[in-house]
Amino acid sequence: MINFVAKPLVPACSVVARYPSVLSAIVEPIAKAAGARLSRQSDLILGWLSRAMSTPHTHQILILIRKLDMLRVFVTLYFILLCSLSHAALPPAPLTISAAQEVVNQFRDYYEDDFNYDMSRVAKSAFPTQEQSYIYAKYMNKAFNKAGYSLDKTLYEFFKTGGISGGTAGNPNVLFMQKLNLTQYAISLKSTGTANAFVKAEAVSERTIAYAKDVAIENPITNIDYVIDATPGYAIQGLEKYKREKGRFIGYIKPGVGPWKDWLYFESESLTGEQYGIGIVQISGVDGKELEVLKALNGKRVKMEGTYFMAKGQQMGELDAKFIAIDPKFFDLSHNLIFKVL
């Protein structure tokens, strides 16, 4: 059961800005009528011209025709521009349950039957196929627009704020996505098939697709922003024996205050807490280019690639402290560390 709540009237311009379908419904008939009327006027003048080609007013008549045709072009372009600007002005949806419900309501009221019919005609798969992705993107994009939001900008904000593991207290991103059954499609935007399907449906921009690929942990960094060059011969005394591995992470570089006190460490956004951090370097030992890079990255969300090791049987932090790092991980600075700011 849906409860309807009366809302105060808002100015027409606000309605048009948020609901571009209203603008289209008003503008398109006017544009067509204006174009048709001007076309009829041009036809009448052309007929008259054919009967009066030998008159001394032929030149003036040709000028009048050109003006009418130009006016028709300007009228059409003006209304096309208005429509495109109204769509571009749509904001991202807040990543909250209430905003997701707004979109769900529009989807159920206007598009669900057509969506189900189209989905019934394509092959089923546990993971979105290109055909399923196109159908989903087509109708969900319409539902977002109908609710006054941009699906493209919403997806960009979703990735920008941490993806599945992101969000704010009380409003984790994952709940918004689950409400719209959008999670798997968003994750799959890093793949060519799903990306092409969403582009075909005019549901996402190249900017959003590029960002989806940047934040996919399995994708190597392509456009490097910063590098900390390898330090030949670097070693931490007593920890040389541990096996090295290459890794890729997304998160933040932070100064330690608990287990990593006096160190700079990396905190992954998928596993927060200083005790789970990866040690980078002792603060007292940072200088030169290394210092410049770490200062530039302070407070920024980054994707990071490097070589690390786990010191099994060791720990960082005071024994009686609330948190200690057991089997701590360290980056091996005898290998390059590379960064991409997200």
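Me: What makes β5 and β6 count as a pair, and do they run parallel or antiparallel?

Reply: This is a predicted model, by the way. Two strands pair if DSSP finds at least two bridges between them, and four bridges join β5 (residues 263-268) to β6. So the pair meets the cut-off of at least two, and the two strands run antiparallel. One spot to look at is L264, which stands opposite V281 in β6.

Me: OK, and what makes β6 and β10 a pair?

Reply: Here two bridges join β6 to β10 (residues 329-331). The rule asks for at least two, so two bridges will do. These strands run parallel, and in β10 the bridge partner of G279 is F330.

Me: Why is β6 called largely enclosed?

Reply: Buried means under 20% relative accessible area. Four of the five residues of β6 (residues 278-282) are buried, so the strand is largely enclosed by the rest of the structure. For the chain as a whole, 41% of the 342 residues count as buried.

Me: How do you know where the second largest pocket sits, and which residues are closest to its centre?

Reply: The space in the second largest pocket comes to about 420 Å³. Its lining has 21 residues, and G162, V215, I217, I250 and E269 are the closest to the centre. Two or more lining residues come from each of α6 (151-160), α8 (183-187) and β4 (244-255). β4 gives the most, with three residues.

Me: How does the lining of that second largest pocket divide by class?

Reply: You get eleven nonpolar, five polar and five charged residues.

Me: What makes the largest cavity count at all, and what is its volume?

Reply: The count takes cavities of 30 Å³ or more, and it comes to one. The largest cavity has a volume of about 30 Å³. Its lining is K213, D214, N219, P220, I221, T222, K303 and K340.

Me: And how many residues of that lining are charged?

Reply: Four are charged, next to two nonpolar and two polar. Asp and Lys count as charged, so K213, D214, K303 and K340 are the ones to pick out.

Me: Zooming out, what share of the contacts with a separation of 6 or more links residues 24 or more positions apart?

Reply: That share is 69%. The chain has eleven helices and eleven strands.

Conventions. Residues are numbered from 1 along each chain as its sequence is written. This is a predicted model: local features need pLDDT of at least 70, side-chain atom pairs count only at pLDDT 80 or more; totals for chains, interfaces and linings use all residues. Side-chain values use heavy atoms; hydrogens and water are left out. Buried means under 20% relative accessible area, exposed over 50%, partly exposed in between (1.4 Å probe, protein chains only). On a 1 Å grid over the protein atoms alone, a cavity is a set of points where a 1.4 Å probe fits but cannot get out, and a pocket is an open set with protein on both sides within 12 Å along at least five of seven lines; lining residues have an atom within 4 Å of a point. Grid points are joined across faces, edges and corners, and a volume is the space filled by probe spheres set on the points. Contact means heavy atoms within 4.5 Å.
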